[in-house]
Amino acid sequence: MRIALTVNGARREVDDVWEGESLLYALRERMGLAGAKNACEQGECGSCTVYLDGLPVCSCLVAAGQAQDREVTTVEGLGGSSEDSGDEAELDPVQQAFVRCGAVQCGFCTPGLVVTTHDLIRRNPEPSDPEIREALAGNLCRCTGYEKILDAVRSAAAEVRS
Amino acid sequence: MDFLTPTTWADALAAKAEQPDAVPVSGGTDVMVEINFDRRRPPALLDLTRVPDLREWTHDDDGRVRLGAGVTYARIITELGRTLPGLAMAARTVGSPQIRHRGTVGGNLGAASPAGDSHPALLAADAVVEVASVRGTRQVPVAEFYTGVKRNALAPDELIAAVLLAPATGPQQFCKIGTRNAMVISVSAFGLALHPGRRAVGTGIGSAAPTPRPADEAAAFLAGELDAAGLWESRGPLPEGLAAEFGHRVRAAAAPIDDVRGTAAYRLHTLSVMARRAATWAWDEHRGADARRAA
């Protein structure tokens, strides 16, 4: 089937979508947006987190057809550039904070954590540590580098507040 | 596979009547997992996210909350925390923020897993499930809705429209055992509601029987003891040992198995403890409400 949706501000039409296919698969394999990662495929790890109509969701659990006419923002859509230009100045403050704090080990969980953190700080620019932990509870880092990630969230929040 | 996208409730019921083996999908937190893992290849998916009626909650003529089957856990927490405190407490324990933005009570009922987080709260609150088909609408008390492991009372052409719940008239509690706070399928769970107006107690057991189930004997025992001692009126302290005895009786209502998440013995023990604590907390809150009124 064909689906049409808005991804990172641009209208996209995608053909040959299988009816049981996830939004994550459509983003990665049909639209070339490999930022959201495919790991657990059951909503446990948060690596595939994207905004769907403004709410962070696991894109592996959204049927691609359910995204018809919806607005999706992926990690590629954060910051000033819609494509990964590699220019750090165009990164979102959350992305910059993850770079600054070294909150990345293997990097697989990072895009999901960035999107989730972006949502947290947007809603709550001064989150307490328990609020950060609660907000990030659905994003797993199997390198277990959570301390740097928490540093990055605090740093990003401070940056956004200033 | 077909992908059906009704935009009205009437069209959704017509689609389900025409293709009874179409699998309804809303948040996808159960259905999409089964598809992603090749465990299920339904002939059709029936997407219910575009049916506005399902995503609303209202008050019905009897003053009950009519919670559309597609209202997400996140919205229950933010919009109904005071009206349906037990369900909101259960909702806060569901998955993660991402899951709570998608998952729905209707989905929990459709999946009918004994481990579904909303079930103990629905049972304790005497919720009624409104189901519909092109043949008409009927109301099923939630305790009768669960018919077996992952089985429910829906006919093949029926869809879940809403859940009907009276606003809380007394304290409600929800307890859940798991290996961490987030992203946990319950090892065991317990819901409790005090209904002071009718001097009744509501209970719900999760993950400790083939279906979610109430602990009716335990509930009647606790309500009766409170009644016999005149405590519903006096709001005096719970007699020594009453909450513990209630816990023992809740445990006796369960029929758990050993599985990957826990042993039957652990489930029984935790249920007993959760029921004792829930009763103590709820009664303390009931007494506190009285003290606040007097002040």
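Reader: In what order do the elements of chain A run from the N terminus on?

Author: From the N terminus on, the elements of chain A run β-β-α-β-β-β-α-α-α-α. In this predicted model, local features need pLDDT of at least 70 and side-chain atom pairs count only at pLDDT 80 or more, while totals for chains, interfaces and linings use all residues. Residues are numbered from 1 along each chain as its sequence is written, and chains are lettered from A and ligands numbered from 1 in the order in which they are written.

Reader: Into which domains is chain A divided, and how far apart do their C-alpha centres lie?

Author: By an automatic or database domain assignment, chain A is divided into domain 1, covering residues 3–77, and domain 2, covering 88–161. The C-alpha trace of the whole chain spans about 45 × 30 × 25 Å along its principal axes, and within chain A the C-alpha centres of domain 1 and domain 2 are separated by 21 Å.

Reader: Which strand gives the most to the side of domain 1 of chain A that touches domain 2 of chain A?

Author: Two residues are in contact if their C-beta atoms, placed from the backbone, lie within 7 Å. The contact between domain 1 and domain 2 of chain A takes 13 residues from domain 1 and 11 residues from domain 2. On the domain 1 side, the most, 3 residues, is given by residues 49–52 of chain A, which form strand 3.

Reader: Which helix of chain B supplies the largest share of the side that touches chain A?

Author: The contact between the two chains draws 25 residues from chain B and 23 residues from chain A. On the chain B side, the elements that give two or more residues are strand 1 (2–4), helix 2 (31–36), strand 3 (44–47) and helix 5 (97–100). The largest share, 4 residues, is that of helix 2 of chain B.

Reader: How far apart are the end C-alpha atoms of helix 11 of chain B?

Author: Helix 11 of chain B has 12 residues, 242–253, and its expected span is 1.5 Å times one less than its number of residues. That rule gives 16 Å, and the model agrees with it, because the end C-alpha atoms of helix 11 are separated by 17 Å.
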